[in-house]
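Please work through each task before reading its solution.

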Amino acid sequence: MFLSVCKDLAILNNSPNYIVVMATSMDAAQNASFFNSVFKASEIILETVKAEGLIHVYSHLDADGIAAAGIMGKALCRLDAKFRIRITQWVDEKLVTEILQEKPQMVIFTDLGTEYASLLSQKTSELKILALDHHQVGGELTEGFVCVNPHLHGIDGARDISGSGVTYFVAKAMDNANVDLAPIAVVGALGDLQDKYDQRMLGGLNEKIVEDAKNAGLLTVEKDLIFFGRETRPIHKALASTTSPFIPEISGAEDKSLAFLVSLDIKPKYDDKWRALRDLSEEEKKRLCSALADYLLSKGLHYEISNLIGHVYTLNREEPWTPLRDGREFAVLLNATGRMDKPSLGIAVCMGDRGPALEEANKVLENYRRTINKYLGWVMEKPERMREMENIYVVYGEDFINDKIIGAVSSILSTSLPNPEKPLIAYADVKEEGIVKVSARTTDLLTSRGLNLGEIMHVAAEKCLGKGGGHNVAAGAQVPTENIDMFLKLVNELVGKQLAGGKTGS
Ligand code: C5P
Ligand code: ZN
């Protein structure tokens with residue numbers, strides 16, 4: 001089983017209680033120690049299930065978190081385990097207290113919670129605690145819990161493996177039958193925008209999950225036109241809604257996009273039905289691609305041409321023309337269920353429900369799209385709603401933008417900022433708690449110059465009596481409302497410092 005997970009490792013001993021893996025290169029050494037923690041995690045889950053212990057799973061509310069919850073849920077179901085899953089936007093002291101009162105035998109955090117797992121383990125020794133996470137770790141961790149986190153092994157958790165990927169490896173170690181969940185982990189990684197390798201490819205440990213899914217006949221990976229919505233959107237809408245690549249006068253303009261297709265003699269409809277990208281013949285795709293390339297060239301956008309084609313991840317067993325068929329569309333559906341307060345639908349879909357849960361999830365997706373458009377329209381309505389500071393942009397969603405959706409709004413806005421050399425800090429009120437939810441986003445260009453938003457959110461939030469963290473490129477925080485101005489001032493300073501090559505300090 002292990003060899004099929006990781007071909008570049010040589011196994012010395014794989015007894016149930018003692019796993020030693022010998023590495024054959026630096027990368028392999030990192031993978032080896034990572035997979036040792038994977039096996040430790042699978043063992044304690046199996047032990048708990050065998051002892052009929054109650055397991056509480058906590059996962060994050062975004063696509064990756066929902067996918068992770070679905071993977072763990074299915075793996076535990078297959079073992080007839082006693083478990084419950086909860087989705088949360090963040091872990092805090094309140095949740096830790098709740099867990100201590102509920103006294104399950106085991107708590108599993110997926111796609112979040114490394115530091116809180118550590119805190120929890122300081123407060124109790126009766127509970128088995130497991131963190132399956134891929135976020136950067138802010139402080140020192142205690143030894144009283146099992147943690148599977150790529151960052152602890154020198155592996156980049158922002159691009160090489162997601163929370164659902166970590167959970168998938170553990171599920172696979174629990175039972176090889178869980179290999180059929182590999183496509184869900186691919187969806188989670190795409191949801192976390194980990195397709196950062198050449199031509200929007202998943203790389204690093206994600207590549208091993210892709211291989212598993214392909215070998216099981218569940219996934220096809222091909223290079224194709226990369227516009228979002230290839231299974232479900234009319235072609236002109238897919239073209240118009242794309243911002244990467246940005247096509248002047250076509251991005252954002254459905255009428256122009258339709259006219260462009262017609263000028264190429266590509267029929268947007270067959271009979272009364274709009275065609276999606278998947279319906280184009282190879283010849284039509286070539287015609288569209290070369291016309292777009294010529295068009296971009298005529299606008300001087302040579303660089304954008306390489307963004308027309310990318311890796312497309314198709315889930316073979318899903319129905320064509322549905323949002324589950326394309327990995328990126330599947331991820332948006334999961335994100336919608338999490339952010340619209342219906343995560344159980346997304347989890348059920350990940351666990352295989354293609355009946356009522358999927359039907360409901362599709363309705364939630366529609367509603368989510370309308371809500372996002374409403375929020376984007378609101379931000380654009382008044383230019384002062386996007387404020388520019390020396391080193392950052394700031395969007396304040398007041399109590400108009402739902403704090404669970406501010407992250408998605410921040411991601412979308414960050415792709416078309418007037419000056420891409422500044423990160424975006426968006427925030428909204430969480431009135432009932434007297435705090436604001438902050439979502440920070442930047443580009444790979446700025447992270448390659450040393451910007452690490454996860455670190456900045458962590459340091460600035462701590463100084464303002466809040467909590468923050470995440471990835472270099474996408475991070476978040478919760479901050480008491482009265483401290484937000486001080487927080488923004490600090491973030492502005494820290495961004496400037498990091499981009500000038502300085503240390504963040506804490
Ligand atoms: O909430 P949002 O989508 O903005 O979060 C971006 C990333 O930062 C997510 O992966 C989230 O888990 C992480 N985050 C964190 N600690 C926080 C807030 C967000 O690790 N306090
Ligand atoms: Zn994640």
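Are D224 and R230 buried or exposed?

Solution. Both D224 and R230 are buried, where buried means under 20% relative accessible area, exposed over 50% and partly exposed in between, with a 1.4 Å probe and protein chains only.

Conventions. This is a predicted model, in which local features need pLDDT of at least 70, side-chain atom pairs count only at pLDDT 80 or more, and totals for chains, interfaces and linings use all residues. Residues are numbered from 1 along each chain as its sequence is written, chains are lettered from A and ligands numbered from 1 in the order in which they are written, and side-chain values use heavy atoms, with hydrogens and water left out.

**Exercise 1. Describe the surroundings of ligand 1.**

Step 1. Begin with the count: 16 residues surround ligand 1, and the closest are H135, K437, S439, R441 and Q478. A residue is counted as near when one of its heavy atoms lies within 4 Å.

Step 2. Examine the polar atoms. The side chain of H135 places an N or O atom 2.6 Å from an oxygen atom of ligand 1. For the side chain of R441, the distance from an N or O atom to an oxygen atom of ligand 1 is 2.8 Å. A nitrogen atom of ligand 1 lies 3.0 Å from a polar side-chain atom of Q478.

Step 3. Consider the covered area. Ligand 1 taken alone exposes 460 Å², and the protein buries 87% of that; these areas come from the Shrake-Rupley method with a 1.4 Å probe, and for residues only the protein chains shown count as cover.

Step 4. Assign the shell to elements. Two or more residues each come from β15 (435-441), β16 (467-470) and β17 (474-480). The largest share, five residues, is given by β17. Helices (H or I, at least four residues) and strands (E, at least two) are DSSP runs, numbered from the N terminus.

Step 5. Sort the shell by class: three residues are nonpolar, nine polar and four charged. Here Ala, Val, Leu, Ile, Met, Phe, Trp, Tyr, Cys and Pro count as nonpolar, Asp, Glu, Lys and Arg as charged, and the others, Gly among them, as polar.

**Exercise 2. Locate salt bridges and state the accessibility of their partners.**

Step 1. The structure holds 27 salt bridges, each being a side-chain nitrogen of Lys or Arg within 4 Å of a carboxyl oxygen of Asp or Glu.

Step 2. Take R84 and E102, whose closest N and O atoms are 3.5 Å apart in a salt bridge. This pair links distant parts of the chain, with R84 in strand β4 (residues 82-88) and E102 in helix α4 (residues 93-102), 18 residues apart. R84 counts as partly exposed because its relative accessibility is 24%. E102 is also partly exposed, at 31%.

Step 3. Return to the opening pair. D224 and R230 form a salt bridge in which the closest N and O atoms are 2.9 Å apart.

Step 4. Take K299 and E249, whose side chains meet in a salt bridge of 3.3 Å, N to O. K299 is partly exposed, with a relative accessible area of 37%, and E249 is partly exposed at 48%.

Step 5. Follow shared partners: salt bridges join R84, R86, E98 and E102 into one network.

**Exercise 3. Determine how many disulfides the model contains.**

Step 1. A disulfide is a pair of cysteine sulfur atoms within 2.5 Å. By this rule the count is zero.

Step 2. C77 is in no disulfide, and its nearest cysteine sulfur, that of C350, is 13 Å away. C77 is partly exposed, with 40% relative accessibility, whereas C350 is buried at 4%.

**Exercise 4. Identify residues with a positive phi.**

Step 1. Recall that most residues other than glycine have a negative phi.

Step 2. D271 has a positive phi near 50 degrees. D271 lies in the loop between β9 (269-270) and β10 (273-274) and counts as exposed because its relative accessibility is 77%.

Step 3. L465, which is not a glycine, has a positive phi of about 60 degrees. L465 is found in the loop between α18 (453-463) and β16 and is exposed at 70% relative accessibility.

Key
A polar contact is a pair of N or O atoms within 3.5 Å; within protein, one must be able to donate a hydrogen and the other to accept it, and residues adjacent in sequence count only if both atoms are side-chain atoms.
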